[in-house]
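Look at the chain below as a whole before turning to its parts.

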Amino acid sequence: MLLVLLLAIIWFATGKKRLSLLAFFALLTNGFMLVPDIAYTVVANLKPSDYGILYIISVSIIAYIKNKDCYKDRLYLPRYTIFLLSFLFVSYLVSVFLYHIPAFESLKYVRKYILLLAPFAFALYTTEEIEDTIKTLFKITVIQCILYLLQPILDMQLLTGTYTEGKTPLFGIISIPRFYNIPLYLWFFIYYLCYKHDTSDKYRFFLVILMFLPVIVSMHRSHLIAYISVFILSAAIVHLRKSLPLVVILLVIAVPFSSMVSDKLARNESLTDIKGAFEIDYEDFSVGQDGEATFTFRVMHFYERMDRVLEKPITTLFGLGYMAEGSNYSNANFDFFIGLEDEETGDIYQLETGDIAWSEMIVRLGFGGIIVFMLYYISLMLSFMKDRSAGYNRSAYCGMILLLILSLTSMMIMDMSNMVLLLAVYEILKRKEKEQNASIAIK
């Protein structure tokens, strides 16, 4: 991937900006999920985010050398960006000088947030170049969906990511291999297709089915419910005044049937799982008990770590630090009981989990960091909701609502490559808003 980074920088310097920007996203997404992880570590032990950061720094320096006014009236940083990065920097100092976590070890975690400075790169491109890149990313995501659906048919991994060995029943009809490597930007482009992308209704219907099938085939019930819920919520947001009376009527109608529904759900494993989350103390929760109790596991995983964070005022504010999983510091300071099991050693992962983002937030950021991060996130989402019905706006805030819902079951909201895509959309919308304001002023 070092070669791709060098090519991206050369393309930028020589004016081939569309290729350069597309390469930037390739660096962030494991070559659009086609390049094995080893390609990132064969020359240097770097992550996709590291290559993205190096790209942002490189093109910014090149542009500044060519034109010292390259950012004049062109840089759009979302509200609270500097506030969030400043908090993270202070947290880094706390980790190093108060918690005595090695400086490089702390940097290895916090560095991914530098990607929030991606607007410094996007400012160097025209609106058309950014929009063309997003259209290309959409086409790539469609191809990824096809490859994803071929995986269980061929019983072969075609995209980078993880899958389970053996087969899992799908709706009790057929057993297929379960792959977790859903296309990385599907959470945005499925709404982009519905609300923004220019295509005929016939092809749109086909593409919606094609892009929705990976959500079904992945067998993530929470993902399936979340995607559908956001579609419904989006319709309600756009038609707020019209939909509110309908929601009230539905609630009134639902009241007489509430006891009937609750009795039925009481016999369902999901509800038992949810009840268990509030009845079991984490100290009594056995790892591996109630194999289907995934919600209980997530709540207990978060609760155990929150309990540790609340022990001291400084950890309550800043979290437990930016240490690495399995490091000497982690092994010496943590003995969390609930967590995923390392298949090789049999030990419990103390920090890493793909099941709930809030566990990482509470450990790494503390309550202070969660508040600051949510200020940034919600503020960005609300900026997209200024024009609730517009294509880019609607696609972006639907995607952000989805990520927020899925934070209870995944780490997607903490993946800064997802934020980079949103920042590209933010750049486009701010420019169009500026152009619109300028045209109004002229009139």
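Two residues are in contact when heavy atoms of theirs lie within 4.5 Å. With that in mind, take the contacts in this protein whose partners have a separation of 6 or more: 72% of them join residues 24 or more positions apart. The model is a predicted one. The protein has 22 helices and 2 strands. Of its 443 residues, 47% count as buried.

Helix α20 covers residues 366-384, and helix α21 covers residues 391-406. The axes of α20 and α21 come within 8 Å and cross at roughly 150°. An angle over 145 degrees counts as roughly antiparallel, and α20 and α21 are therefore roughly antiparallel to each other. Their crossing is left-handed. On the α20 side, the residues that meet α21 are Met-374, Tyr-377, Ile-378, Leu-380, Met-381, Ser-383 and Phe-384. On the α21 side they are Asn-393, Ala-396, Tyr-397, Met-400, Ile-401, Leu-403 and Leu-404. Sorted by class, the residues of this contact are 12 nonpolar and 2 polar, with no charged ones.

A second pair is formed by helix α2 (residues 17-28) and helix α9 (residues 127-154), whose axes come within 10 Å and cross at roughly 50°. That angle makes α2 oblique to α9. The crossing of α2 and α9 is right-handed. From α2, the contact takes in Lys-17, Arg-18, Leu-21, Leu-22 and Phe-25. From α9, it takes in Glu-128, Glu-129, Ile-130, Asp-132, Thr-133, Thr-136, Leu-137 and Ile-140. Which classes do these residues belong to? The contact of α2 with α9 has 6 nonpolar, 2 polar and 5 charged residues, whereas the contact of α20 with α21 has no charged ones.

Key:
Residues numbered from 1 in each chain as written. Predicted model: local features only at pLDDT ≥ 70, side-chain atom pairs only at ≥ 80, totals over all residues. Heavy atoms only, no water. Axes fitted to C-alpha atoms, helices over the stretch in contact; angles between N-to-C directions. Helix = DSSP H or I, 4+ residues; strand = E, 2+ residues; numbered from the N terminus. Parallel < 35°, antiparallel > 145°, perpendicular 65-115°, else oblique. Left-handed = near helix turned anticlockwise from the far one by under 90°. Nonpolar A, V, L, I, M, F, W, Y, C, P; charged D, E, K, R; others polar. Buried < 20%, exposed > 50% of the residue type's maximum accessible area, 1.4 Å probe, protein only.
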